[in-house]
Amino acid sequence: MPGMAQRFVAALIAIALASSAIARSAVVGRESDAAIRARVIELVNQARSKSRRCGSERFASAPPLNVSRKLSDAAADHARDMARKKFFEHQGTDGSQPRDRVRRAGYASRLTGENIAFGPESAEEVVAGWLDSPGHCANIMDPRFADIGIGLASGRKRGHIYWVQDFGAPMER
């Protein structure tokens, strides 16, 4: 019987650990948008803290990104535009490109990058998807970027979640 009791206790521990991991996930609709954005940034900075390969390109670890309200505003505006107008593109409905939206939000950038995603339901899922994509991963790992902003918006249909991640290297600090 001691073996049975040990297996039972081990199973309970495994369930408890799995439950706590699930509880830490920042899921759209269960957490505030602010908590989800913060979790995306936390995961991105965790990814940047280690060297990694993005497709065939190798990146050394990079410094953590700072949250920029202006980049967040640009990202949120683009996410809302995509959700309202039901499209998924880097080019906005007004013809704007990421650098245009970032400048319009008041961020003076010498370098701008943008990742977008459609559908992931949690911060963990969207960041994992970006890290699995060579181009998106390269944006995340690019050591020239110093700042980040996150935006997300939900469309009318379930699962229609639009994510925007804007990166910037400011003209001056």
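## Basis of the values

The model is predicted, so that local features need pLDDT of at least 70 and side-chain atom pairs count only at pLDDT 80 or more, while totals for chains, interfaces and linings use all residues. Residues are numbered from 1 along each chain as its sequence is written, and side-chain values use heavy atoms, with hydrogens and water left out.

Strand 5 spans residues 147-154, where strands (E, at least two residues) and helices (H or I, at least four) are DSSP runs numbered from the N terminus. Of its 8 residues, 7 are buried, a term for under 20% relative accessible area, as against over 50% for exposed and the range in between for partly exposed, with a 1.4 Å probe and protein chains only.

Strands are taken to pair if DSSP finds at least two bridges between them. Strand 3 (residues 66-67) runs parallel to strand 5 and is joined to it by 2 bridges, with Asp147 as the bridge partner of Asn66. Strand 6 (residues 161-170) pairs with strand 5 in the antiparallel sense over 8 bridges, and Tyr162 of strand 6 stands opposite Ala153. Strands 5 and 6 form a hairpin with 6 residues between them, and Gly159 in the turn has a positive phi of about 85°.

## Ser72 in helix 3

Ser72 belongs to helix 3 (residues 69-85) and is buried, its relative accessible area being 8%. When neighbours within four places in sequence are left aside, Ser72 is in contact (heavy atoms within 4.5 Å) with Val67, Ile148, Gly149 and Ile150.

## Helix 2 against helix 5

Helix 2 (residues 33-48) packs on helix 5 (residues 123-132) at an angle of about 35°, with the axes 9 Å apart; axes are lines fitted to C-alpha atoms over the stretch in contact, and angles run from 0 to 180 degrees between N-to-C directions. The contact is made by residues including Ile36, Arg39 and Val40 of helix 2 and Glu124, Val127 and Trp130 of helix 5.

## Nonpolar cores

A nonpolar core is a set of buried Ala, Val, Leu, Ile, Met, Phe, Trp, Tyr and Cys residues joined through side-chain atoms within 4.5 Å. The largest has 26 residues, and those with the most contacts inside it are Val40, Val127, Trp130 and Trp163. Helix 2 gives the most to this core, with 6 residues. Apart from it lies another core of 9 residues, among them Ala79, Met82, Ile116 and Tyr162.
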